[in-house]
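Hi,

Here is the structure for you to look at. My notes on its aromatic rings follow below.

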Amino acid sequence: MTRDFHKPGRSPLYAEGAMVATSHPLASLTAIEIMRAGGTAADAAVAAMAVACIGEPHMTGIGGDCFCLVARPGQPVWGYNGSGRTGAAMRPEILIEQGARDVAIDSVHAVTVPGAIGAWDTILKTHGRFGLDRVLQPAIDAAENGIPVQPRVALDWSLAVDKLNKHAATARHFLPGGHAPKEGDIVAFPALAKTLRTIAKDGARAFYEGEIADDIVATLRALGGVLTAEDVAAHRGEAVSPIATNYRGLDVTELPPNGQGLAALVLLNILERFDVAALDANGADRLHLLIEAGRLAYGMRNTTIADPAFMTESVEALLDKRFAAQLAAMIDPAKRSQFPKAIKPAGSTVLVCVVDRDRNAVTMINSLFSAFGSGIATEKTGILLHHRGSGFNLTPGHPNCIGPSKRPLHTIIPALALRNGRVDMAFGVMGGAYQAMGHAHLVSNIVDHGMDLQTAIDWPRVFFEGERVEVENGVSDAVIAALRLRGHDTVRRALPHGGGQAIRIDWERGVLIGASDPRKDGCALGC
């Protein structure tokens with residue numbers, strides 16, 4: 001499917017050498033410069049992500065977590081889980097006794113140990129040629145000298161002023177002059193620049209031990225948190241074996257729990273039971289099917305996915321296509337059915353896709369969760385802390401109930417797609433809980449409807465927030481009416497669903513094809 005050149009839009013990018021796709025143009029440029037200097041896709045991905053932490057500070061930061069997939073020709077896909085844990089003293093009773101019914105996003109107890117820096121270090125040591133001292137330099141320069149605020153970043157920043165004003169340190173570091181910057185303003189982060197310079201000089205452990213870690217702990221303890229210096233120092237991510245399902249010839253590959261990649265694969269397994277290609281790509285029949293399949297997959301997610309040490313159902317059983325057949329049989333093509341409820345999605349994330357000249361492919365994702373994370377920034381070091389602990393629940397006996405030294409259900413999920421043992425596509429979608437639905441939607445757009453990569457990313461999206469279905473502006477009034485007739489409480493969404501990037505490898509022609517999402521300030525570059 002080729003786009004209509006009479007209409008506004010963008011085309012996929014083609015290049016022969018290397019390619020990057022991110023949600024920030026300066027992050028993309030950084031990745032290209034790193035590869036031109038001899039770096040690998042892994043070096044480029046970490047460097048781009050570090051710049052994104054400065055250019056998109058509401059979306060990602062070193063106070064968040066990181067997940068990554070790396071595919072090198074002729075080798076198994078390598079996965080890394082860089083999510084942090086709760087403190088050893090955490091108990092659900094701490095929140096329950098305070099009258100809490102869930103782990104709120106602005107609760108100090110939602111802050112788990114940030115895993116990003118440890119992940120970046122491991123990714124570089126395993127798949128890179130450079131170290132943190134080299135790849136962090138562009139981000140340090142941007143933080144010290146300032147970086148222009150891009151249009152979507154400015155919009156999101158303006159919507160978060162009240163959140164940023166709740167804590168004096170946060171307002172000092174992230175509301176320059178006491179207000180949200182406008183698009184085109186140059187914004188610097190001197191405290192964060194100093195922190196990054198320390199990490200570049202002394203290595204990743206400087207984040208988890210010493211002055212930086214002490215500042216994290218002191219900031220949280222002052223607010224009643226239970227994380228200790230020992231909890232931060234104990235952080236270790238882990239290399240993991242990816243999981244996959246075959247969707248009509250394409251091996252879609254995700255990371256295993258505690259991430260929600262399993263939900264994306266189950267959703268694809270359900271869709272495979274239907275003739276999706278026969279449906280109008282933006283019609284009510286297809287969107288109804290996608291919504292119902294998504295509700296089933298997310299119901300599974302909310303019931304079963306957790307820190308793998310606490311899960312009671314096996315990944316293998318949940319990926320069994322006979323299980324998907326049982327779920328698919330529950331879908332009524334004519335009306336909305338009663339399924340388990342899905343949690344309300346909320347998330348802000350940055351995804352980077354890179355393929356280098358050697359055809360090493362990296363999909364890397366880093367996040368603070370919702371815009372500006374927990375809203376809690378460290379006093380001295382200028383680190384905005386995420387709230388991944390809000391992914392827990394307070395239900396006794398549930399595998400995802402908050403507890404000591406535990407990782408929560410995680411929304412951020414990098415992905416790869418392979419065909420005949422070789423990488424076909426590095427891809428991912430941003431947007432909190434939406435990501436699993438977004439992965440399935442993107443893959444289906446390409447496989448079932450023959451869309452080019454950019455069209456597949458641009459295509460109008462739908463998702464559910466609780467019992468309500470929210471659609472983007474590209475869905476017609478007639479389709480909204482048809483969804484309502486099927487029983488979906490359907491409304492237009494104020495902001496679009498997430499973002500996304502992707503790079504495909506055309507092995508026969510020797511070219512790379514890239515696309516980035518106009519829902520953000522997306523930019524794909526090649527060389």
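Is Trp157 buried or exposed? Trp157 is buried, with a relative accessible area of 1%. Buried means under 20% relative accessible area, exposed over 50%, and partly exposed in between (1.4 Å probe, protein chains only).

Some ground rules. This is a predicted model: local features need pLDDT of at least 70, side-chain atom pairs count only at pLDDT 80 or more, and totals for chains, interfaces and linings use all residues. Residues are numbered from 1 along each chain as its sequence is written, and side-chain values use heavy atoms, with hydrogens and water left out.

Now the rings. Searching the whole structure gives ten aromatic pairs. Rings of Phe, Tyr and Trp (its six-membered ring) pair if their centres lie within 6.5 Å; planes under 30 degrees apart count as stacked, over 60 as edge-to-face and the rest as tilted.

One of the pairs is Trp78 with Tyr80. It is stacked, at 5.6 Å centre to centre and 15 degrees between the planes. Both of these residues are buried.

Trp157 and Phe189 are stacked too: 6.5 Å centre to centre, 5 degrees between the planes. Phe189 is buried, with a relative accessible area of 5%. Ring pairs also join Trp157, Phe189, Phe174 and Phe372 into a cluster.

Last, charges over rings. That label needs NZ of Lys or CZ of Arg within 6 Å of the ring centre and within 35 degrees of the ring normal. Arg134 has its charged end over the ring of Phe130, 4.1 Å from the centre. Arg388 lies over the face of Phe369, 3.8 Å from the ring centre.

Best wishes
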